[in-house]
Amino acid sequence: MQQKLSDHIIFIGPDCWKEKDSPFFIEDPELFQDWKAAEEEKEDGLKMKIGRWNVPGLPIAILVDFMPYFEIKNEIYAKAWEHYQVDSLHAYGDYDEASMFSYAAALVVESFYNFYIKSDEKVVYQANEWMTGLGLLYIKTKLPQIATIFTTHATSIGRSIAGNNKPLYDYLFAYNGDQMAGELNMQSKHSIEKKAAWNADCFTTVSDITAKECLELLDKPVDVVLPNGFENNFVPKGAVFTRKRRLARKRLIDVANALMGSQLDDDVLIVSTSGRYEFRNKGVDVYIEAMNRLLRDKNLKKQVLAFIEVPGWVGEPRKDLVERLNSGKSFTEPLEVPLITHWLHNMSHDNVLGMLKFLNMWNRPEDKVKLIFLPCYLTGDDGVLNMTYYDLVLGNDLCIYPSYYEPWGYTPLEAVAFKVPCITTDLAGFGQWANTVNGGNSEIEDGVKVIHRTDYNYSEVADAIKDTVSEFSAFTKEEVEKARSGADKISKKALWSQFITYYYEAYDFAIRKAIERMRTM
């Protein structure tokens with residue numbers, strides 16, 4: 001977008017860092033100096049930082065302080081009700097914070113527009129998720145000449161239905177979104193999301209599967225689907241890739257051996273799942289079930305080292321594990337609880353540990369499948385692995401994401417970008433897309449194995465994962481390379497350079513709608 005629009009794109013975010021320096025933002029006092037000075041002169045002027053987002057492309061970014069607007073929160077909500085019947089009465093938790101930021105972002109747009117923009121210039125405002133809906137409605141009221149796009153990446157009520165262990169898909173046609181919002185205490189988030197969807201010039205989402213969800217739960221068909229692309233400029237190449245893969249595998253195996261007192265070597269098959277800690281939605285439960293069944297699979301040709309990389313309520317790195325790693329020695333006895341790398345605050349109430357205990361999975365020496373829980377954010381300073389997620393993911397042989405609820409699915413897309421074949425489901429937007437790209441049922445030889453998943457076939461999904469891992473364990477070097485090459489090829493088809501055209505389509509759709517509206521005003 002920077003190449004196409006050349007600084008005519010501006011990102012707006014919350015100023016969370018205050019006086020501290022943010023590693024993600026580079027302040028530039030020269031940018032829009034006259035506008036900022038004008039705002040500072042006002043008694044109730046916007047408090048903001050102007051600079052560039054520290055990512056490739058270095059787009060302009062404005063960080064706004066939204067805290068002052070909490071004082072007038074009730075007035076803001078009252079106007080949203082008056083103009084659009086947005087129900088904020090049931091708000092709790094993050095609703096207020098998101099709404100105040102959204103409102104502040106809209107004030108930034110209003111001020112910038114009035115200071116710089118000529119009436120004949122075309123402007124698009126894109127709001128992502130329910131958290132930014134209030135600002136979109138403000139802009140529609142105050143600046144109707146601005147074209148608006150609302151993108152929901154997952155409906156709040158759909159995620160809630162799935163997360164509360166209710167069957168989402170078989171009954172999707174029968175669910176009433178407003179009724180379910182009341183039942184699940186989601187009235188306010190659902191309300192702002194629905195009003196934004198209905199009032200935006202262009203309503204979008206990230207996949208065909210979520211488009212169906214929007215139609216049923218928000219009662220509004222999407223205008224354009226905007227699939228999530230990927231930028232692979234940070235994926236290492238050539239000798240650097242080979243070296244990083246070797247280092248990642250060594251680190252994962254060293255940690256496993258120190259924890260379990262095992263002697264696994266580089267021939268072990270390393271698999272993992274990762275993402276947010278949504279036990280059912282992300283398929284963590286079925287992943288554990290599959291690994292448990294794999295323990296008894298007679299066709300398994302290799303030892304399997306399986307990881308669960310989801311951040312839990314982490315306490316601290318295990319000192320006993322760190323001591324073993326720092327000693328450089330090898331050990332034959334496992335540590336206490338040889339399943340987890342960091343202690344949790346809620347050891348006795350954790351879903352992963354609870355299921356492992358229920359299934360009697362303790363990483364015994366004779367077990368051909370060992371499963372380890374990494375319950376921390378892999379940012380490179382967790383105290384045990386001390387490597388970032390992107391530096392570790394390429395050490396896997398297979399990545400497994402058997403999601404029940406997954407509007408798109410960045411984790412499988414990231415895996416294939418690092419040439420790691422993956423397993424996902426056709427309830428993930430990415431899985432459906434992979435099936436389309438590969439002309440039917442995508443298999444592990446193609447780089448992505450897509451398993452059919454429904455509300456009720458949990459057991460069949462677990463078996464399909466088990467069988468795929470077992471089949472992969474018997475692959476020759478040539479077959480492994482074919483799968484890795486397939487993963488690489490499919491990732492190239494999901495680059496932003498391929499998917500950005502859908503955004504331009506949405507901009508065009510929204511601008512035409514805005515022009516049409518202004519003609520009738």
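1. S102 sits in helix α4, which covers residues 94–116; helices (H or I, at least four residues) and strands (E, at least two) are DSSP runs, numbered from the N terminus. This is a predicted model, in which local features need pLDDT of at least 70, side-chain atom pairs count only at pLDDT 80 or more, and totals for chains, interfaces and linings use all residues. Residues are numbered from 1 along each chain as its sequence is written, and side-chain values use heavy atoms, with hydrogens and water left out.

2. S102 counts as buried because its relative accessibility is 1%; buried means under 20% relative accessible area, exposed over 50%, and partly exposed in between (1.4 Å probe, protein chains only). A polar atom of the S102 side chain lies 2.6 Å from the backbone nitrogen of G135. A polar contact is a pair of N or O atoms within 3.5 Å; within protein, one must be able to donate a hydrogen and the other to accept it, and residues adjacent in sequence count only if both atoms are side-chain atoms. Leaving aside residues up to four places away in sequence, S102 touches M131, T132, G133, L134 and G135, where contact means heavy atoms within 4.5 Å.

3. Two strands pair if DSSP finds at least two bridges between them. Strands β5 and β6 pair in the parallel sense over five bridges, with A127 having F150 in β6 as its bridge partner. Strand β7 (residues 202–205) pairs with β8, also in the parallel sense, over two bridges, and there T204 has V224 as its bridge partner in β8.

4. Six of the six residues of β6 are buried, so this strand is largely enclosed by the rest of the structure. In a regular strand the side chains alternate between the two faces of the sheet. In β6, A147, I149 and T151 point one way, T148, F150 and T152 point the other way, and all are buried. Axes are lines fitted to C-alpha atoms, for helices over the stretch in contact, and angles run from 0 to 180 degrees between N-to-C directions.

5. A second open sheet, of six strands, has the order β13-β10-β9-β14-β15-β16 and parallel pairing. Its edge strands are β13 (369–374) and β16 (448–451), each of which pairs on one side only. From one strand to the next the twist averages 20 degrees. Strand β15 (residues 422–425) and β16 pair in the parallel sense over four bridges, and T424 stands opposite V450 in β16. Helix α15 (residues 410–417) packs on this sheet, touching β9 (269–274), β14 (398–400), β15 and β16, and its direction makes about 155 degrees with that of β15.

6. C422 belongs to strand β15 and is buried because its relative accessible area is 0%. Residues up to four places away in sequence not counted, C422 touches C399, Y401, P412, A415, V416, I444, G447, V448 and K449. The C-alpha atoms of C422 and N396 are separated by 9.8 Å, the two residues being 26 apart along the chain.

7. Backbone angles to check: most residues other than glycine have a negative phi, and most peptide bonds are trans. E129, which is not a glycine, has a positive phi of about 75 degrees. This residue is in the loop between β5 and α5 (133–142), and E129 counts as buried because its relative accessibility is 15%. V337 has a phi near 50 degrees, a positive value in a residue other than glycine. V337 is in the loop between α12 (319–327) and β12 (342–344), and with a relative accessible area of 22% V337 is partly exposed. Within helix α9 (residues 208–217), the residues I209, T210, A211, E213, C214 and L217 are buried.

8. R280 lies over the face of Y404, at 4.0 Å from the ring centre, and K4 lies over the face of Y504, at 5.1 Å from the ring centre. A charge sits over a ring if NZ of Lys or CZ of Arg is within 6 Å of the ring centre and within 35 degrees of the ring normal.
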